[in-house]
Amino acid sequence: MAKTILVPGGAGFIGSHTLLALKAAGYTPLVLDNLSNGHQDAVLDANFIEGDIRDEALLDQLFENHAIDAVVHFAAFIEAGESVRDPMKFYDNNVAGSLNLVRAMVRHGVRKMVFSSTAAVYGDSTDAPLTEDLPKVPINPYGQTKWAVECMLRDTAAADGLQAIALRYFNAAGADPEGRLGERHDPETHLIPLVLQAASGQRDAISIFGTDYDTRDGTCIRDYIHVADLADAHVKALEHLFTQDDSKVRGRRGFYDAFNLGNGQGFSVREVVDAAKQVTGVDFTVKEEERRPGDPAVLVANAEKARTTLGWSPSIPALEDMVAHAWNFMGQS
Ligand SMILES: NC(=O)c1ccc[n+]([C@@H]2O[C@H](COP(=O)([O-])OP(=O)(O)OC[C@H]3O[C@@H](n4cnc5c(N)ncnc54)[C@H](O)[C@@H]3O)[C@@H](O)[C@H]2O)c1
């Protein structure tokens with residue numbers, strides 16, 4: 001019988017794309033989302049429950065009424081700047097919400113979780129590319145909340161037999177190659193959709209913050225990973241957790257591991273702008289501005305561990321494809 005996967009946050013950008021991958025792999029996703037930032041129509045034909053991971057009674061009811069085999073947990077607030085202005089909002093949702101969810105899982109004997117973590121746990125590390133074992137020194141409350149949840153999963157795995165994988169995404173980008181889904185954050189803070197908004201005339205111009213970094217063209221370099229490749233990694237991580245049962249995990253001994261998910265190949269802000277001009281054919285206005293505080297020059301993943309352990313590798317690594325898929329979703333191509 002198809003395994004049922006609870007997907008908190010499944011109406012969001014990465015969650016909704018992962019629903020497609022889960023269904024294609026033969027799983028039955030069950031979405032739980034409070035629609036604080038998600039879109040109900042993004043779950044397409046998946047089962048959807050409107051609700052909050054902080055609602056203990058709702059979680060008990062869900063775990064009692066559905067034979068849930070694993071949880072793929074995306075539900076969180078994601079905007080780092082807002083987390084600096086309102087940290088308690090982030091600790092409440094991201095940390096207390098995840099605690100409530102993991103408690104309910106333990107109560108109901110559901111042991112497997114894939115968790116959305118982030119490259120922000122590494123802070124402004126100057127190492128490049130970044131490996132999983134580097135110190136975790138987040139520089140904003142958002143990153144702190146994600147690292148706090150990772151610690152909780154690690155410790156609960158040791159004490160209560162939880163089997164958890166944290167996936168540390170770098171910059172999620174692109175859209176479903178078939179055009180069914182895309183990125184609809186509001187407010188939008190991610191570079192590729194912002195650049196495409198400039199191309200479509202939704203904004204007057206795009207700003208490049210800092211052109212004097214020690215990089216190949218002076219602008220910051222980031223690691224963009226196609227959202228369909230992220231979705232695929234969740235399926236691979238689940239498969240890894242499902243094989244743990246019979247092989248390595250005995251009794252109450254749990255399992256916890258963390259993997260970087262990135263292209264391993266960085267693209268500069270200027271390269272993103274140029275790719276957007278090429279894909280859209282629009283010569284939009286670009287403003288060069290001062291550096292922003294707290295922006296490291298280079299953030300690139302070493303994703304070798306995900307390759308070797310999960311058998312995952314990006315299948316859409318080209319920046320032009322990520323930009324083209326995002327543009328296609330915007331209905332402009
Ligand atoms: N987008 C990126 O580049 C990126 C990078 C690293 C990590 N992440 C992480 O990946 C996850 C998904 O990111 P995204 O870009 O899809 O964000 P998103 O905002 O589109 O999706 C998050 C979803 O969670 C839901 N949600 C939030 N709080 C909830 C709660 N208490 N109960 C139920 N639902 C709740 C929102 O309504 C939304 O649908 C997040 O955990 C984020 O921290 C994203």
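Author: What follows begins with rings, goes on to one helix, and ends with charged pairs.

This is a predicted model, in which local features need pLDDT of at least 70 and side-chain atom pairs count only at pLDDT 80 or more, while totals for chains, interfaces and linings use all residues. Residues are numbered from 1 along each chain as its sequence is written, and side-chain values use heavy atoms, with hydrogens and water left out.

A pair of aromatic rings is described by the distance of the centres and the angle of the planes. The structure holds two aromatic pairs, where rings of Phe, Tyr and Trp (its six-membered ring) pair if their centres lie within 6.5 Å, and planes under 30 degrees apart count as stacked, over 60 as edge-to-face and the rest as tilted. One of the pairs joins tyrosine 27 to phenylalanine 242, with 6.2 Å from centre to centre and 20 degrees between the planes, and it is stacked. Tyrosine 27 lies in the loop between helix 1 (13–24) and strand 2 (28–33), whereas phenylalanine 242 belongs to helix 7 (residues 227–244), so the pair ties together parts that are 215 residues apart in sequence. Helices (H or I, at least four residues) and strands (E, at least two) are DSSP runs, numbered from the N terminus. Tyrosine 27 is buried at 12% relative accessible area, and phenylalanine 242 is buried at 16%; buried means under 20%, exposed over 50% and partly exposed in between, with a 1.4 Å probe and protein chains only.

Rings also meet charges here: the charged end of lysine 89 sits over the ring of phenylalanine 77, 4.7 Å from its centre, and that of lysine 305 sits over the ring of phenylalanine 259, 4.9 Å from its centre. For this, NZ of Lys or CZ of Arg must be within 6 Å of the ring centre and within 35 degrees of the ring normal.

Turning to helix 5 (residues 141–160), threonine 156 lies in it and is buried, with a relative accessible area of 14%. Leaving aside residues up to four places away in sequence, threonine 156 touches Val102, Val106, Gly161 and Leu162, contact meaning heavy atoms within 4.5 Å. Glycine 161 follows helix 5 and has a positive phi, near 75 degrees.

Side chains of opposite charge can pair when their charged atoms come close. The structure holds 19 salt bridges, each a side-chain nitrogen of Lys or Arg within 4 Å of a carboxyl oxygen of Asp or Glu. Arginine 180, partly exposed at 41% relative accessibility, forms a salt bridge with aspartate 176, with the closest N and O atoms 2.8 Å apart, and another with glutamate 178, at 3.6 Å. Aspartate 176 is buried at 5%, while glutamate 178 is exposed at 62%. In helix 7, lysine 236 and aspartate 232 lie four residues apart, about one turn of the helix, and they form a salt bridge whose closest N and O atoms are 3.2 Å apart. Lysine 236 is partly exposed at 22%, and so is aspartate 232 at 25%. Elsewhere, salt bridges that share partners join Asp52, Arg54 and Asp92 into one network.
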